Amino acid sequence: MSPVVFMMMAVLLVAAALGVVLHRSPIRSALSLVVTMFLLAVMFLLLDAHMVAALQVIVYAGAVVVLFLFVIMLLNLREDARAMARASKVVAALVCGGLFLFAVLWFLVSAAGRGIDGGLEGGVPATFGSTELLAERLFTQFLFAFEVTSVLLLVAIIGAVVLAKRKLA
Amino acid sequence: MMTVPINWYLMLGAVLFTIGAFGVLARRNVIVIFMSIELMLNAVNLVFVAFARQLHSMDGQVAVFFVMTVAAAEAAVGLAIIITVFRNRETVNADELNLMRW
Amino acid sequence: MHHEAMAGAPTTVHFLWLIPALPLVGALFNLFLGRRAGRHAVGLVAPGAVGAAFLVAAYAVVQLVGLPHGAVLLDIAWPWIAAGTLQVDVAFRLDALSAVMVLVVTGVGFLIHVYSTGYMHDEPDYARYFTYLNLFTSAMLILVLADNLPLLFVGWEGVGLCSYLLIGFWYTEEANASAGKKAFLVNRIGDAGFLLGLFLLFWNLGPGTHSLSVSEIAQHAKAIPLPIVTAICLLFFVGATGKSAQLPLYVWLPDAMAGPTPVSALIHAATMVTAGVYMIARLNFLFLLSPTAMTVVATVGALTALFAATIGVAQTDIKKVLAYSTVSQLGYMFLAVGVGAFSAGIFHLMTHAFFKGLLFLGSGSVIHAMSGEQDIRKMGGLRAHLPVTYTTFLIGTLAIAGIPGLAGFFSKDEILARTYASPFGGPQLWAVGAIAAGLTSFYMFRLVFLTFFGECRADEHTRHHIHESPKSMTVPLMVLALLSVVGGYVGLPAHWLWGNRFEAFLEPVLGEGLHVEHLSAATEYTLMGTSVAVALFGLAVAYLFYVVQPGFPMLLAYKAGALYRLIVNKYYVDELYDAVFVRPTLAVSTWLWRTFDVEVVDGAVNGTAEAVGASSSVWRRWQSGNVQDYALSMLVGAVAILGYLALR
């Protein structure tokens with residue numbers, strides 16, 4: 001986690017993110033999203049979150065974005081003549097986004113003395129971020145949430161199938 | 001080797017989040033809006049993992065786990081809705097989908 | 001001065017509440033099941049309920065009499081108001097005074113209920129009539145049995161309501177509905193006075209909780225400063241003026257004759273209108289503290305007696321004559337209580353219930369026979385056709401005129417004698433009373449002669465239908481006639497036979513009244529002789545005018561001209577009230593309705609709605625239907641919160 005590595009990753013991440021948002025073609029946005037996901041997985045590794053990094057690649061990059069791509073291709077979307085919304089909205093988005101970012105950064109900076117300080121020194125066990133530890137948390141303290149989430153997924157499956165089915169003529 | 005202060009990760013997360021927010025607000029294509037939402041969620045995941053690392057607690061990573069799950073479910077259903085809308089309206093432009101106006 | 005003489009603590013009983021409850025049950029039966037049950041059932045239940053109440057009352061009185069002199073039966077039925085210093089229970093009290101009242105109300109009430117089954121026989125709204133009549137009886141019983149003033153007021157209002165309902169019983173005729181309204185509104189004025197008096201009394205009873213019961217007021221009355229006592233008494237008297245039709249609030253009673261005749265008998269002669277007299281007798285210890293109030297009561301009573309009698313001489317409707325006569329006789333009762341002769345006032349109340357009830361029921365019989373005709377100028381010669389009615393009516397007339405031997409003589413005579421002797425009365429008021437007595441005799445015999453003597457002046461069709469009334473109507477007449485004869489013998493003058501047993505019975509409650517110098521025997525007999533002479537003079541003049549020389553009254557009226565017109569038009573009092581009170585109120589009300597209500601109130605309400613509509617038509621544009629706009633709003637909100645947190 002040297003600062004240099006971090007800076008490199010950060011720059012790449014921001015570039016990829018901008019790619020998602022700014023590309024005219026939806027396919028290209030999706031591909032930028034994949035790149036972003038991968039980069040984030042690397043970030044996770046840097047933060048000793050091995051299992052989560054693996055999940056990021058498998059679930060997000062491997063499933064969610066693929067789903068996006070399928071839908072784009074199913075609907076046969078081309079590039080739009082205009083990618084962005086009308087000017088007033090873009091300006092409003094820029095302004096609000098800028099204000100938001102400014103507010104957060106200010107908050108972070110000014111909270112220097114408020115406990116969000118600190119480095120990310122060692123002191124974590126070697127197994128930190130491993131499957132075992134994650135599983136241990138999931139199946140003890142967060143068991144209820146885990147079970148509920150499985151129900152949620154079931155609901156999502158049913159919902160997606162019902163919504164996307166073609167009505168039998 | 002100097003370690004990276006957690007603030008940097010948080011600021012990176014904030015930047016990614018803002019970029020995602022901008023995408024949600026300023027793009028016309030609904031699918032791109034969705035992708036921007038995913039970007040925002042990922043930024044939040046980054047913040048969670050960073051805090052987990054700082055506080056030496058697995059709870060942050062558990063949160064990421066759940067965020068991913070829910071995001072996947074949400075993406076599935078959301079895309080199904082977009083398909084249905086496209087079938088009825090022949091468009092995926094956010095401007096043209098404003099039936100629920102006053 | 002005498003205070004309420006109590007023979008120790010009251011005796012607790014638990015059945016007094018039945019007395020008002022039984023007619024109430026009757027009313028409920030008639031209200032909900034009357035139509036379905038049919039005439040015969042209603043005709044049994046309604047009088048039966050009152051009859052049952054009479055029996056319970058009789059039983060209670062027997063119990064009371066068995067106890068030592070001055071005992072009181074107290075039935076605290078259940079708690080009612082518990083608010084700070086005001087703790088009032090639903091409590092009924094049977095002492096000598098309420099014993100007399102309760103027997104009169106249930107007894108005469110029962111007779112009139114029975115009479116009504118005959119009189120109202122062809123009435124389609126039979127059940128409704130008896131509902132109201134039973135309800136009235138119940139309310140009146142609550143009034144006379146109440147142990148505390150708030151409960152008395154409940155009965156007071158209840159009888160006022162039933163009076164309104166029964167006067168306007170045939171409400172499809174506008175005149176009847178208006179008469180009911182007039183009665184209610186004028187009563188209301190009196191009631192306001194009563195309430196103000198009640199509040200003032202409560203305010204001045206001193207610290208501690210109060211139940212405003214009779215015994216409590218008796219205890220604390222002396223501690224209240226005299227001007228306040230006077231004010232309280234005068235305010236109560238205003239209430240009495242309204243309820244008992246004295247000057248200036250008597251105007252509703254003649255109009256109340258629009259109701260069915262049994263109603264006029266029961267409510268507007270025998271019972272409701274006596275409530276004012278009862279109330280003052282009940283609070284005798286309070287009134288005795290204020291000479292001013294006593295004088296006012298006596299004077300108003302005397303003047304009303306004379307005033308109403310002068311109007312009565314020129315009326316042509318049989319019921320209106322009796323109505324003004326009632327006002328006049330009530331004046332006598334107030335004169336009595338005003339001069340401190342409380343038991344004399346109650347005595348006259350009782351005898352009046354007998355003979356005035358009789359006279360009204362008799363007039364009902366006449367109207368029934370005349371197929372609804374009420375104008376005495378169109379009657380005549382009914383003596384031959386309606387023997388029972390005539391005889392009983394004649395007895396009632398003799399009684400009211402104060403002919404010796406009948407009930408009215410004893411009660412009226414005692415009032416006049418006490419008036420003469422009292423510091424609040426004196427010879428002046430006695431003279432007023434005596435003149436009124438002469439006029440009473442005159443107009444009552446005028447009524448008898450015009451109705452029953454001479455040629456029948458009715459048209460062919462009506463004459464054909466004249467018939468004596470059924471037993472259900474004539475039997476009550478006979479009972480009341482008997483009572484009008486013997487009812488006076490309980491109150492003989494002091495030295496005759498057994499003396500004034502009535503007064504002795506009431507003494508624990510009413511005291512001796514005002515302690516007066518006993519008149520010498522000579523004075524007493526002179527006064528008695530004068531009142532008899534006056535009564536006979538009235539009879540003689542009436543005989544002259546209406547039997548011997550029938551044309552003479554018209555000649556006199558023509559000669560008197562303006563004076564006659566003044567009397568026939570009842571001194572234009574109604575017109576005066578109309579101009580001074582009714583029209584301005586109507587004008588203000590119309591303005592409030594047309595202008596204030598429409599423009600201000602409705603304007604405010606509609607204006608609010610329009611304002612909301614206008615502002616919302618501006619704000620709703622925010623709802624563009626565009627999801628991104630909503631997301632933008634959310635982001636702006638998030639920025640605001642963050643900004644706040646960051647700057648904190």
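Colleague: Let's start with a single residue. Where in chain C does C:Met379 lie?

Modeller: Happy to. Keep in mind that this is a predicted model. To place a residue, look for the elements on either side. C:Met379 sits in the loop between helix 16 (342-369) and helix 17 (387-401) of chain C.

Colleague: And is C:Met379 buried or exposed?

Modeller: The call rests on relative accessible area, and buried means under 20%. C:Met379 has a relative accessible area of 0%, so it is buried.

Colleague: Which residues does C:Met379 touch, leaving out those up to four places away in sequence?

Modeller: Here we look past the sequence neighbours. The contacts of C:Met379 include C:Ile318, C:Val366, C:Leu450, C:Cys456 and C:Arg457. Separation along the chain is another thing to read: C:Thr419 is 40 residues from C:Met379 in sequence, and their C-alpha atoms are 38 Å apart.

Colleague: Can we apply burial to a whole element? How many residues of helix 12 of chain C are buried?

Modeller: For an element, we go through its residues one by one. Helix 12 (residues 275-282) of chain C is mostly covered, with eight of its eight residues buried. Among them are C:Gly276, C:Tyr278, C:Met279 and C:Arg282.

Colleague: On to the interfaces. How many residues do chain A and chain B each bring to their contact?

Modeller: An interface can be read by its residues, its area and its pairs. Chain A brings 86 residues and chain B brings 71 residues. The two chains bury about 7,200 Å² between them, and carbon and sulfur atoms give 77% of that area.

Colleague: How many salt bridges does the rule find between chain A and chain B?

Modeller: It finds three salt bridges across that interface. In one salt bridge, the side chains of B:Arg53 and A:Asp48 meet at 2.9 Å, N to O. There are also eight residue pairs in polar contact between chain A and chain B, both residues being at pLDDT 80 or more. By class, the side of chain A that touches chain B has 61 nonpolar, 15 polar and 10 charged residues.

Colleague: Let me stay with that arginine. Which helix holds B:Arg53, and why does B:Arg53 count as buried?

Modeller: B:Arg53 belongs to helix 2 (residues 30-55) of chain B. B:Arg53 counts as buried because its relative accessibility is 2%. The side chains of B:Arg53 and A:Asp48 are also joined by a polar contact of 2.9 Å.

Colleague: What does the interface of chain B and chain C look like in residues and area?

Modeller: Chain B supplies 13 residues and chain C supplies 11 residues. About 930 Å² is buried between the two chains, 59% of it on carbon and sulfur atoms. In chain B, the most area is lost to chain C by B:Leu25, B:Met100 and B:Trp102, together 57% of what that side buries. Helix 1 (residues 6-26) of chain B gives the most to this side, with four residues. By class, the side has nine nonpolar, one polar and three charged residues.

Colleague: And which pairs does the rule find across the interface of chain B and chain C?

Modeller: There are zero salt bridges, while three residue pairs are in polar contact, both residues at pLDDT 80 or more.

Note on methods:
Residues numbered from 1 in each chain as written. Chains lettered and ligands numbered in written order. Predicted model: local features only at pLDDT ≥ 70, side-chain atom pairs only at ≥ 80, totals over all residues. Heavy atoms only, no water. Contact = heavy atoms within 4.5 Å. Buried area = accessible area lost by both parts, 1.4 Å probe. Salt bridge = Lys/Arg side-chain N within 4 Å of Asp/Glu carboxyl O. Polar contact = N/O pair within 3.5 Å; in protein donor to acceptor, adjacent residues only side chain to side chain. Helix = DSSP H or I, 4+ residues; strand = E, 2+ residues; numbered from the N terminus. Nonpolar A, V, L, I, M, F, W, Y, C, P; charged D, E, K, R; others polar. Buried < 20%, exposed > 50% of the residue type's maximum accessible area, 1.4 Å probe, protein only.
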